[in-house]
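The sequence and coordinates are shown below.

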Amino acid sequence: MSIRLLPVIGICFGLIGCSTIQDDVKNDRSSAIAGCIKKVEISNQKFKAEASAYMGITRERLPQVFCDRMANAVASGKINQSDINGLIETGKLTAKFRFLKG
């Protein structure tokens with residue numbers, strides 16, 4: 001599945017910041033998630049619709065659930081900086097991002 005590139009870039013950078021995503025989640029998970037949520041909330045409606053449908057959740061729940069799942073995947077080692085970079089470059093959800101479906 002391909003999702004819109006610009007919102008993905010913004011959301012991923014909301015998690016990443018200036019350090020690696022692993023460091024951000026490890027050192028200040030709450031801030032990493034809060035930044036991600038803000039980016040999801042201001043993302044375009046098409047992204048929200050596609051992401052909600054892909055994840056099987058309502059648009060209202062999307063910001064919190066998306067960011068929690070991303071942070072959990074980083075913390076557990078399911079995805080890393082390289083995976084996020086690949087998502088940013090291609091805008092495509094590879095098999096590694098199945099966790100977004102819950």
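## Buried phenylalanines and aromatic pairs

Phe 47 and Phe 66 are both buried, where buried denotes a relative accessible area under 20%, exposed one over 50%, and partly exposed the range in between (1.4 Å probe, protein chains only). The model is predicted, so local features are reported only where pLDDT is at least 70 and side-chain atom pairs only at pLDDT 80 or more, whereas totals for chains, interfaces and linings use all residues. Residues are numbered from 1 along each chain as its sequence is written, and side-chain values use heavy atoms, with hydrogens and water left out.

Rings of Phe, Tyr and Trp (its six-membered ring) count as a pair if their centres lie within 6.5 Å; the pair is stacked if the planes are under 30 degrees apart, edge-to-face if over 60, and tilted otherwise. The ring centres of Phe 47 and Phe 66 are 6.3 Å apart and their planes stand at 85°, so this pair is edge-to-face. It links distant parts of the chain, since Phe 47 belongs to helix α3 (residues 45–55) and Phe 66 to helix α4 (residues 62–76), 19 residues apart. The pair of Phe 97 and Phe 99 is tilted, with 5.8 Å from centre to centre and 40° between the planes. Phe 97 is buried at a relative accessible area of 2%, and Phe 99 also counts as buried, at 13%.

## Overall architecture

The secondary structure consists of five helices and zero strands, in the order α-α-α-α-α from the N terminus. These elements are DSSP runs numbered from the N terminus: helices are H or I with at least four residues, and strands are E with at least two.

Of the 102 residues, 45% count as buried. The accessible surface comes to about 5500 Å², 53% of which belongs to carbon and sulfur atoms; areas were computed by the Shrake-Rupley method with a 1.4 Å probe, and for residues only the protein chains shown count as cover. Among contacts between residues at least 6 apart in sequence, 65% join residues at least 24 apart, a contact being heavy atoms within 4.5 Å.

## Packing of α3 against α4

Two packed helices are described by the angle between their axes and the distance between the axes. For α3 and α4 the angle is about 60° and the axes are 11 Å apart. Axes are lines fitted to C-alpha atoms, for helices over the stretch in contact, and angles run from 0 to 180 degrees between N-to-C directions. The crossing of α3 and α4 is left-handed, which means that the near helix is turned anticlockwise from the far one by less than a right angle; clockwise would be right-handed.

Lys 48, Ala 51, Ser 52 and Met 55 of α3 make the contact with Leu 62, Val 65, Phe 66 and Arg 69 of α4. By class, this contact has five nonpolar, one polar and two charged residues. Nonpolar covers Ala, Val, Leu, Ile, Met, Phe, Trp, Tyr, Cys and Pro; charged covers Asp, Glu, Lys and Arg; the others, Gly among them, are polar.

## Selected positions and C-alpha separations

Helix α2 (residues 21–42) contains Ser 30, which counts as exposed at 59% relative accessibility. By contrast, Asp 24 of helix α2 is buried, at 17%. Asp 24 and Ala 75 are 51 residues apart in sequence and 9.9 Å apart from C-alpha to C-alpha.

Glu 60 is found in the loop between α3 and α4. Its relative accessible area of 68% makes Glu 60 exposed.
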